[in-house]
Every structure is written in C-alpha cells, then in structure tokens.
Amino acid sequence: MTKANLLMLTAGLGAWLSLSPASALAWDAEGHRIIAHLAYERLTPKAKAAVAELVSHSAEQDTPTCPVASLDDASTWPDCVRPLPRFAYLAVMHYEDMPLCGIAPKETYCPDGKCITDETKRAIAILRDHHRSPVERLQALEEVAHFIGDMHQPLHAADNADRGGNEVKVEVEGHASNLHHVWDTEILENAFGTSEATAEAALRPLVAADAARWSSGDVDSWLAETHRLAVTYVYSKLSSPPACGQPTPTQSISQAYLDEAAPLVRMQLARAAVRLSVVLNRALD
C-alpha cells in the first residue's frame, strides 16, 4: 500500500464511520482502483476520450484534497469526499441493507430511493445526458465507478441487524476487527497481497474468460447476486453462524475461511470490472 493510498484510506474510514451506519470502505481504495483500471482497459476509444474530457473538469468540483485525473481516481472519489459536509447525503448510497433472511419490500431497506441501486441508476442517467453540465456528469462518473464496485462487496448487499457486518466482532490474523472490515481488507490481501499490479494480472484472464457471461443483467440483478454470496458464504461459513436477525457470536476468522473466500473475491472484482466497462461504454459511446 502506498503512503498516499494509506492516507486516503485512513481519512475515508474515519468519515465513513462518523457519517454512515453502514461500513468502512468497500474493497478499500486499492480494490476500487483495481476494478476501475481493468474496466478502463475494456472501454472503447470514444468512451476513453469521454472519461478524459470529464476528469479534466475535476478542479471545478472544488474538492482539492480529492483530485481526479483518471477513472482510477474517480472510483475512490465518493469515499475521499466523505469528510465534506456537502457530500454527506451520499453516505447512505454506498450500500443496500437487504435482510439476510426472508424477503422484505425494497422500500424498507431503500427508503425514498436512498440506496446503492437507485443512486447508481440516477448517476447513469446523468452520465448519459449531454444536456447536464460537465461537473454534474463527472460526479455521475465518479459515483458509477465507485458504486458498481461497492455493490459487488457482499456486506454492502446484506444486513443481519448488524450494520452490514460492522457489529460482528471477530479476531483475524491475531487482531480484533469486524466482519465487514475483514471483507474489505484482509480477504483482499489474502487473495492478492498488497500489489495492485499483481491483482490486475491475476484477474485479467478471469475477466477475458467470463466477460460475455457477466455482461448481462442490471444493477438490481447484480446486487441480488452479491446478496446471495452474503447468505451462502459470508455468514453461513463462519465457525459460529448467526441465527436470522440475531447477534452473530464473537469469533475467530480462520485461515481456511480466508482461503476459501479468495476465489469469491477474485470473481467479484472481475465481475465488477466487466460490468463497469459495460455501463460506461453504453453511457459514453
């Protein structure tokens, strides 16, 4: 992890915990940048040119501590600006607390459309609309790049009355943590190490092999798919799985849990990269 990324992660984490009931940074900054970089490689020349034109307006956003010069930068912007009060409204847009058990009406976990799927749809519509200002479309690009990554993190798509796993106390690799943080950080590091380049090299064959299959669907079906992973693995494979709606017991995260999660994380990042490229090519080309 570079010093710059570490500073961004630390600042964003504090803001997220103070502003939102949901979680820490999904996939950390590195995970978002990996997704964005792989997606950018799949953009058409016209879409790449549109990205370059939009990010050229970064200074007009008046967020000098969160400059955007690339799609990689855009993908971390929504977390970076959390300390700024004027962007506090975005805090609840990073997740969708579908209940771990049972079925509930969407309005119960997405009140007034304030959730990740509905906000991503709004951002895509703005990105497509050439009558909107470049700054509006740049923020839409930043949201799309980030939220498509977020919706592939299982604990941004499920909740068991535990704030997306944030209240599930665990011990992992000898230190105290929570289940959400484990899926943001330790599982990524276990799967890839700390090198973005190494992760991207590992994911490119997966992206190439399954891009056609993963390109279908929409944000609602993608979130539902991620939710199923939360149900079938994230919670159920714990050494002490919770009962529905009941507190998850404090427990240790085993190395076996981390290792078995690695292919799931690789798949989710690769899926997110493919789908981000599909959305951007449609919106910008």
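This is a predicted model: local features need pLDDT of at least 70, side-chain atom pairs count only at pLDDT 80 or more; totals for chains, interfaces and linings use all residues.

Student: How many charged residues does the contact of helix 2 with helix 9 have?

Tutor: From helix 2 come Glu30, Arg33, Ile34, His37, Leu38 and Glu41, and they meet Glu196, Ala199, Glu200, Leu203, Arg204 and Val207 in helix 9. Sort that contact by class and you get 5 nonpolar residues, 1 polar, and a charged count of 6.

Student: Now helix 11. How many charged residues are in the contact of helix 2 with helix 11?

Tutor: Helix 2 and helix 11 also pack at about 50°, with axes 8 Å apart, so this pair is oblique, and the crossing is right-handed. Gly31, Ile34, Ile35, Ala36, Leu38 and Ala39 of helix 2 meet Leu269, Ala272, Ala273, Leu276 and Ser277 of helix 11. By class, that contact has 9 nonpolar residues and 2 polar ones, and the charged count is none.

Student: Ser277 turns up in that list. Is Ser277 buried or exposed?

Tutor: Ser277 is in helix 11 and touches Ala39, Arg42 and Leu43, leaving out residues up to four places away in sequence. Buried means under 20% relative accessible area. Ser277 has 2%, so the word for it is buried.

Student: Which residues touch the most other members of the largest nonpolar core?

Tutor: That core has 82 residues, and helix 11 (residues 255–284) gives the largest share, 17 of them. Beyond four places in sequence, Trp183 touches Trp27, Gln153, Pro154, Leu155, Leu188, Tyr233, Val234, Tyr257, Ala261 and Val265. The two residues touching the most other core members are Leu179 and Trp183.

Student: What about Lys121: how far apart in space are Lys121 and Val144?

Tutor: Lys121 sits in helix 6 (residues 116–128). It's partly exposed, since its relative accessible area is 36%, and it touches Lys106, Val219 and Asp220, not counting residues up to four places away in sequence. Lys121 and Val144 are 23 residues apart in sequence, but C-alpha to C-alpha they are 8.5 Å apart.

Student: Let's finish with backbone angles. What is phi of Asp112, roughly?

Tutor: Most residues other than glycine have a negative phi. Asp112 lies in the loop between helix 5 (106–109) and helix 6, and with a relative accessible area of 72% it is exposed. Though not a glycine, Asp112 has a positive phi of about 55°.

Student: And Arg163, which loop does Arg163 lie in?

Tutor: Arg163 is another residue other than glycine with a positive phi, near 55°. At 27% relative accessibility, Arg163 counts as partly exposed. Its loop is the one between helix 7 (134–150) and strand 1 (169–172).

Definitions and conventions
Residues are numbered from 1 along each chain as its sequence is written. Side-chain values use heavy atoms; hydrogens and water are left out. Contact means heavy atoms within 4.5 Å. Helices (H or I, at least four residues) and strands (E, at least two) are DSSP runs, numbered from the N terminus. Ala, Val, Leu, Ile, Met, Phe, Trp, Tyr, Cys and Pro count as nonpolar, Asp, Glu, Lys and Arg as charged, and the others, Gly among them, as polar. A nonpolar core is a set of buried Ala, Val, Leu, Ile, Met, Phe, Trp, Tyr and Cys residues joined through side-chain atoms within 4.5 Å. Buried means under 20% relative accessible area, exposed over 50%, partly exposed in between (1.4 Å probe, protein chains only). Axes are lines fitted to C-alpha atoms, for helices over the stretch in contact, and angles run from 0 to 180 degrees between N-to-C directions. Angles under 35 degrees count as roughly parallel, over 145 as roughly antiparallel, 65 to 115 as roughly perpendicular and the rest as oblique. A crossing is left-handed if the near helix is turned anticlockwise from the far one by less than a right angle, and right-handed if clockwise.
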